[in-house]
Amino acid sequence: MNLKTANLSNSYSRKFTLLALLTIGTSISLSSHAAPLTISQQQAVNAHFSKLAQTQHAAETQMTEQLKQDFTQQLTVQEHEFMNDICPKYGMTFDVTTNACLRS
C-alpha cells in the first residue's frame with residue numbers, strides 16, 4: 001500500500017467510523033423513547049437513514065474507483081520495469097507503445 005492509498009483509506013476510515021457512531025447513536029436514541037414516533041418523526045428518521053445510506057454508497061464508490069486507478073497505475077509501472085529488465089536478456093528492447101519486446 002503506498003502513502004496515497006494509506007491516506008485515502010485513513011480518510012474513509014474516519015468517515016465510516018463517524019457514520020457508524022451516528023447510526024448507533026440514532027438507534028440508541030430512538031430505542032430509549034417510551035412513546036412511539038409520530039408519522040412525521042418516522043419520516044424524518046427514514047429520510048436521515050436514506051441520506052446516510054446514500055452518503056456511504058457514494059463514499060464506497062469513490063474509494064473503489066480511486067483504488068482501481070491506483071492499482072492500474074502501479075501495475076503498469078511494474079510491468080514496464082519488468083519488461084525493461086527481461087527484454088535485454090533476450091537481445092531485445094522494450095517498446096512502451098506496443099508493450100512488447102522488439103528485436104534491435
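**Entry 1: a turn residue.** I began with asparagine 99, which is partly exposed because its relative accessible area is 47%. The model is a predicted one, so I read each value as computed from it. Asparagine 99 sits in the loop between strand 1 and strand 2. I looked up its phi and found a value near 55°, which is positive although the residue is not glycine. I noted for comparison that most residues other than glycine have a negative phi.

**Entry 2: the hairpin.** Next I looked at the strands on either side of that loop. Strand 1 covers residues 92-95 and strand 2 covers residues 100-103; they run antiparallel and are joined by four bridges. The two strands form a hairpin, with four residues between them. I asked which residue in strand 2 is the bridge partner of aspartate 95. The partner is alanine 100.

**Entry 3: leucine 102.** I then picked leucine 102, which lies in strand 2. Its relative accessibility is 38%, so leucine 102 counts as partly exposed. I set aside its neighbours within four places in sequence and listed what leucine 102 is in contact with: Met92, Thr93 and Asp95. For methionine 92 I also looked up the C-alpha to C-alpha distance to leucine 102, which is 5.2 Å, with the two residues 10 apart in sequence.

**Entry 4: the disulfide.** How many disulfides does the structure hold? I found one. It is formed by cysteine 87 and cysteine 101, with 1.8 Å between their sulfur atoms. Cysteine 87 lies in the loop between helix 2 and strand 1, and cysteine 101 lies in strand 2, so the pair ties together parts 14 residues apart in sequence. The torsion about the S-S bond is about -75°, so I wrote the disulfide down as left-handed.

**Entry 5: helix 2.** I moved back along the chain to helix 2, which spans 39-86. Helix 2 has 48 residues and reaches 69 Å from its first C-alpha to its last.

**Entry 6: a salt bridge.** A search of the whole structure gave me one salt bridge. In it the side chains of lysine 68 and glutamate 65 meet, at 3.7 Å from N to O. Both residues lie in helix 2, three residues apart, which is about one turn of the helix. Lysine 68 has a relative accessible area of 47%, so it is partly exposed. Glutamate 65 is partly exposed too, because its relative accessible area is 39%.

**Entry 7: the chain as a whole.** Last, I took the totals. The chain has two helices and two strands, and its elements run α-α-β-β from the N terminus on. Of its 104 residues, 12% count as buried. The accessible surface comes to about 8,100 Å², and carbon and sulfur atoms account for 61% of that. Among contacts between residues at least 6 apart in sequence, 39% join residues at least 24 apart.

How values were computed. Residues numbered from 1 in each chain as written. Predicted model: local features only at pLDDT ≥ 70, side-chain atom pairs only at ≥ 80, totals over all residues. Heavy atoms only, no water. Pairing = 2+ DSSP bridges. Disulfide = S-S within 2.5 Å. Buried < 20%, exposed > 50% of the residue type's maximum accessible area, 1.4 Å probe, protein only. Contact = heavy atoms within 4.5 Å. Areas by Shrake-Rupley, 256 points an atom, 1.4 Å probe, with all protein chains shown as cover. Expected span 1.5 Å × (residues − 1). Salt bridge = Lys/Arg side-chain N within 4 Å of Asp/Glu carboxyl O.
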